[in-house]
Structure formats: structure tokens, C-alpha cells
Amino acid sequence: MADPMRIRANVTGDTTEVRVLMSHEMETGQRKDAAGKVIPAWHIQNVTATHNGKTVLTAQWGPAVSKNPFLSFKFKGGAKGDKVQVSWTDNKGDKRTDEAVIA
Amino acid sequence: MKSKVAVIAAVAVAGVAFAQTSTVDEIAKYRAALQDGNPAELWEARGEGIWKTARGPAKVSFERCDLGLGAGVVKGAYAQMPRYFPDADRVMDLETRLVHCMVTQQGFTLADAKKNPFGNGNAQKSDMEAVVAYVTSESRGIKMNIAASHPKEQDAYRIGERMFYFRGGSHDFSCATCHAESGKRIRLQDLPNLTEKPGAQLAYTTWPAYRVSQGELRTFQWRLFDCFRQQRFPALEFASDGSIALTMFLARNANGAAFDAPAIKR
Amino acid sequence: MDMQRREVLKKSGGVSLLTLLAAAGWLAPGGALAQAAWNTAAFDTKTMDETMKALGGSAPAQSKDITFVQTPDIAENGAVVPIGVASAIPKTEAIAILVEKNPNMLVAIFEIPAGTEPAISTRMKMGQSSNVYALVKADGKYYVATKEIKVTLGGCGG
Amino acid sequence: MKTCISVATLTVGSALLLSGCASPPSDAEINARATQVLKASFVARGQAGLDRLDQDETQKTCTTYAGKVPGKDVTDRIEKVNFESIKWPADGKYLGNWQNGEKIAQEGRGKQFSDDPAGPVGGNCYACHQLAPQEVSFGTIGPSLYQFAKLRGYGPDIQKYAYGKVWNADAYSACSNMPRFGHSGILSEAQVKDVTALLMDPNSPVNK
């Protein structure tokens, strides 16, 4: 099973900055192993971030997003103590959801 | 006639120098952009979990492991390692001490404890690297303070220094080939001068590091292992006396600088 | 550690994710839910024209209102190239990143709901030096900005 | 004295206390132990056997000086021994193909335990030297070799010097940081000629 994400959410004024690190191989499907066999693509496809249940970002990713992906974005309306939840699913159907409290 | 040629040559060289400066500046920007969001945090978090988990045949957590400041004390421990441990009558670096705790407290065999020092993707995650990431992160901001007051610590330092200058292999390389002069670089990589304080401090305090080229967190043991690979030496054995001695030499040369890792590097 | 909590999160996350994606805007034209969740066709394209077709849009207009933020001109390592895109175009709905010389051009699509700033940062892989495109969909129209990023060699080469 | 106090505060056994009070090991003892520790700390892997740690006289002597410059008698001896061992090309021609030389200068692989023994072996010249101006990713451990022959001349003496230097750098500069590419069997005679051509050929980008 995938390792937890590291999510940081900080509010300044009325803007909340969210920074996320995810643990994922993001294998391109272009590389070959030592025996010359293509290593199949294995990457996160969908990312969703919600704040108090409302969607604040969705994304579709291809295999060209770097290994152990980093994502940062900002939304309006967060308050200290609110929850930000981030979910991802990959092309093998593995998924993970983690949350952070806005600081 | 001669002076004309010289002028043309000087202009050509200046042009190259200018291209170099802007390249170096842009690479500095690249490195700065990486600082915001270091995947090493993923290892630190996993390592903290492992540290607190009962493990091994004896089902004991690392919280009983003494890194030199008392059982289970992690804060600041790395900034004083390697150090002499009376219970083992040996100088140990962090990795060697973790192996020691795994064997004496958690019940692992020595071979099992040393089995997977450097991870390789999701298929071969290394608990050792994760624990090292966690322990080292707990020394962030703390000044390096290697006492080297015990005779065995002093011997280790001197042995490490000799090893630093040992020339061998097919290419006559030693550590000193690349790391004994200031202001040098390999390709575009700046090389720290490890024989002087500023270089040793800059280099030593920024390991472990997340290596973007590998997508892995790498420890100081790995840094030494991979330097010797590139030196065309055979494989440096994990947690060997040689690796500890060399770490002692480099860590002590970094004394006084605030520890600043896990970092992120190319 | 907290296996149970993780399991619960995993399940609840899965359900809400699908629901959310069904409601999302920038989906493959006329696709079923399973296809719609990830635009397979768009991630398989080799040219800008193909990408635009897969996204269901027309040729984008050049725009000076799209900026690259914290994006260096030279990447020391192509495995991790920091990229940030910000749009000052009103009603920005989505931002996509494309690399001309990658095996497949499209790197990522971000959908920006109202209330979220039209600016994202992430990191991407580049096989070689290339033009990078920041594509923005705003009020149903497409805009683009271009930046060249060089990828250098590094280290001892082995 | 300080040693005794610090050891005593650690409250270790008296035997250790005694050994702690003894004078520290001499440099010669440390050297011997360092070599011992080093040899016990490596394992053979891939093409890199433990024999890589067996030093020849040049390596041993240069190690002893630990980064300091040896006296002239010592450097003269090292340079003489290495110069006399240079194998000059049988056909008397020092220059090969500069295009091949550029490839060898760019190639960083070879002789590492992670390298395929049947794979390419390069000189990795750009790691340490500036050569062709088109390559901006070059190192500075060695001097810039841009316009090598343009500045020094294209004649046979310079050709021979360039060939000899690539073959065995210690023949001209004792304890050089540069590998002895021909002497140590890193590059073949043909490869050394190609690299020499990169430095010496008037058509090489190095001399533009």
C-alpha cells in the first residue's frame, strides 16, 4: 500500500496555500529493465482536493509528472482548523486519501 | 599581428565565460525552486513510524536505542555522531548504531540488520534510510559537535584522514582528487573542499538528501559508497570500520555548522 | 500504526473521488464515466493539434497573461523540472502543461473551480531540452504561452 | 593529560584508562592501520576486484604526501619511472580521429563496478577540462584545454607531449589528479590517439 501523503495547508488573510507531497513511482512506461523488458507505466491519474467537502482542485496526470509528486495551489475561504483533504488514484486502481488541518 | 590574435582569443574566451555565468545562475534558480517541497519528508514520516514500532524477533522499538544522549533521545543526537559508545567499545556512526540496536535489542541477525541499506523504488524500500531520515531531521538547526575526545575517536579521525588521501583503483583516484581544492567543479557540479571547514560544513550538513536524479533519499553511508564507485574502487561495505572512520573525519571537519538536512539535491 | 483509519479513508476517498470527477468539467467529449475520469486520448498525443482535438478545443491564441512562475530556464536534471503556471485571464477554468519533445506531449491538466487561484506548481519529467507550453482554458476559449527549458548533463556521467 | 580526564569521566575500565593515557599511535602506525581498515572495508563487486586497492609505487608514494607537494627528488623519480613506461605508438603517428576523440571525451562510463565490462569506456575529459567551446558543461579540476594546439603549436613535439600526457600524466606531473589513461589500461592506444587528435587536429573544435 502506498505511503501517506504529506499535506501542508497554511492560511494568510483569506487565501489558503496547500502543498502536497505524494509517495509514488510515477513509472513512465518508457523505461526498460536490465533484461530489456519494458517496465509498464504506473502513475497517478487523478487528484482531487477538497476543503470542508467542497472541491478546490482536480487534476489529471500523465506519467510525465515527476516521481514522488509535488503539487501546490491556493484557494480562497479557508480558516484555521478547517480540513483539507487530498485523494489520488493511479492507473492500477490503487488510491489514497489523506487530510491536513489548516494552520 | 600577434596582439590582434590575442585580442580575438580574449573576446572568444570572455564569450564562453559569460555563457558559463548565466548557466550557473540558471542552475542556482533551478536548485532554489526545488527547495519548496522536499520529498525527503516522505521518508522522515515513514522513519518516525518505524522508530516507534515494536519490531524484530524481540518486538522492541528503537525507542530503547541509545544514540549517545540516552535511550530513545533523538533530538540533536546526529549532530554528535560518530561517537564512541562504551557499551560496544567502538566508534559508531548513526547507521552502525542502528544496526547495533537492531541486533542487541530487536533480535535481528547482523546480516538481516545490514541487509537493505539503500532502497530502490517501491519494490525495495529501505527502512534504514527512512529511520536515518527521521533521526537526522531531528538535528536540523543544531550545531555539529563531534567531540573526538576519546582515543578511539581520535584514532578513527586520523584513519579517516588517511583514507581520504588513499590513491588506488584503475584511475589513481582518492577522495582528495576531487575534494581537496576550493572552487573546483566536475562538469557543472561544484565540488566542496572537504579538507577545509567551509567546504566540509556545507557538504556534511546537507546529507542525507533527496536525490532528484534517483527519486530516492540517500544517506551519508550511501554518499561514501557512491563516491567510491565513481572512484573505480570496489564496493564500500555498509557500516564498515572504514566508512565510520571516513565519516568521523568529515563530520568533525564540519564542527560548528548548523546541521541542515535531509536536503534536496540534483 | 493507523491501519483502520487509512482503510476508512481509502474507501470514503474512492467514492467521493468518482462522484467529484463525474461532476468535473474538462472531460473527454461524449466519453463514458470510466473514460471521462482520465482523458486517455489527450495523454496519448504527439502534437499540439492532436492534443487540442482530444481536449475538444480549437487552436489556442498566444497570451501574455499566462506566466511561468518559479520555472528555471535550465534544469540540472530532466527527471525533476519545477514548473509553475499562473493565468491572469478572467474565468480561467483549467490549466494544462505540455512538453513538445516528450514521448507524449501532455503532462497534466488542472481544473480550477471558482474560488481557487488560477495558479499551480508541480514538477515534471523532460527527456531533453524542449519548448514547454502552458495551455489555459478560460470562458470556453483556449490560450497558450511558451517557454524553452534546457536540460543539462550533470555529475560524473555514470 | 586531557585524554586521561575525558576517558575517566566516561567511567570505563581501568585497562582502557591505561591505554588512553598511553601516547597516541604514531603516524606510521596510523598509516598501517588505515591501510588495514580500508582493505577490510571493501568487497569485490562487478569488474572491481579487491586488487584495485593494491597500490603501485606511484600510488603509494603519492598517498604518503597526502595532498602536499613532495620534494623535487621524489617528483623527479616518479616522473622518470612513469615516462620510461610510456608505450609510444608503433607507427609513430600520434593523432587519430578527433570526432572519436570528442565521443571519448564525453563518455563518463568505464571501469566502475556498475558498468558493463563489455560496455563503452571513456576518458570523461569534460568532467575536468574545458575542450570544445560548444560543450558548456565542463569541469575545472584540470586546466582549460580550449585552443590547446592553437596556443602551443601543431608540431610533432607538442603532438608527442599531448599523447604522452594522456597516456601517463604522472610522467610530466608527479601525483597528477589525472588518470594514467594508457598506462592503466583505461583507454586503448587507438583511443589515446583519438583524444590526442581532439587536442591537436587543426580541424578539431578545440582549436577553433
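## Domain contact within chain B

Between domain 1 and domain 2 of chain B there are zero salt bridges. One residue pair is in polar contact between domain 1 of chain B and domain 2 of chain B, with both residues at pLDDT 80 or more. On the side of domain 1 of chain B that touches domain 2 of chain B, the residues comprise three nonpolar, three polar and two charged. The model is predicted.

The domain assignment places residues 1-36 of chain B in domain 1 and residues 37-265 in domain 2. Eight residues from domain 1 of chain B and eight residues from domain 2 of chain B make up the contact. About 650 Å² is buried between domain 1 and domain 2 of chain B, and carbon and sulfur atoms give 47% of that area. The C-alpha centres of domain 1 of chain B and domain 2 of chain B are 36 Å apart.

## Interface of chain B and chain A

The contact between the chains involves 16 residues of chain B and 13 residues of chain A. Chain B and chain A bury about 1200 Å² between them, with 47% from carbon and sulfur atoms. On the chain B side, B:Glu41, B:Leu42 and B:Asn122 lose the most area to chain A, together 45% of what that side buries.

## Polar and charged pairs between the chains

Six salt bridges cross the interface of chain B and chain A. In a salt bridge between B:Lys125 and A:Asp3, the side chains meet at 2.7 Å, N to O. Eight residue pairs are in polar contact between chain B and chain A, both residues at pLDDT 80 or more.

Helix H2 of chain B (residues 40-51) gives the most to the side of chain B that touches chain A, with five residues. By class, that side of chain B has five nonpolar, six polar and five charged residues.

How values were computed:
Residues are numbered from 1 along each chain as its sequence is written. Chains are lettered from A and ligands numbered from 1 in the order in which they are written. This is a predicted model: local features need pLDDT of at least 70, side-chain atom pairs count only at pLDDT 80 or more; totals for chains, interfaces and linings use all residues. Side-chain values use heavy atoms; hydrogens and water are left out. Domain bounds come from an automatic or database domain assignment. Contact means heavy atoms within 4.5 Å. Buried area is the accessible area (1.4 Å probe) that two parts lose on being put together, summed over both. A salt bridge is a side-chain nitrogen of Lys or Arg within 4 Å of a carboxyl oxygen of Asp or Glu. A polar contact is a pair of N or O atoms within 3.5 Å; within protein, one must be able to donate a hydrogen and the other to accept it, and residues adjacent in sequence count only if both atoms are side-chain atoms. Ala, Val, Leu, Ile, Met, Phe, Trp, Tyr, Cys and Pro count as nonpolar, Asp, Glu, Lys and Arg as charged, and the others, Gly among them, as polar. Helices (H or I, at least four residues) and strands (E, at least two) are DSSP runs, numbered from the N terminus.
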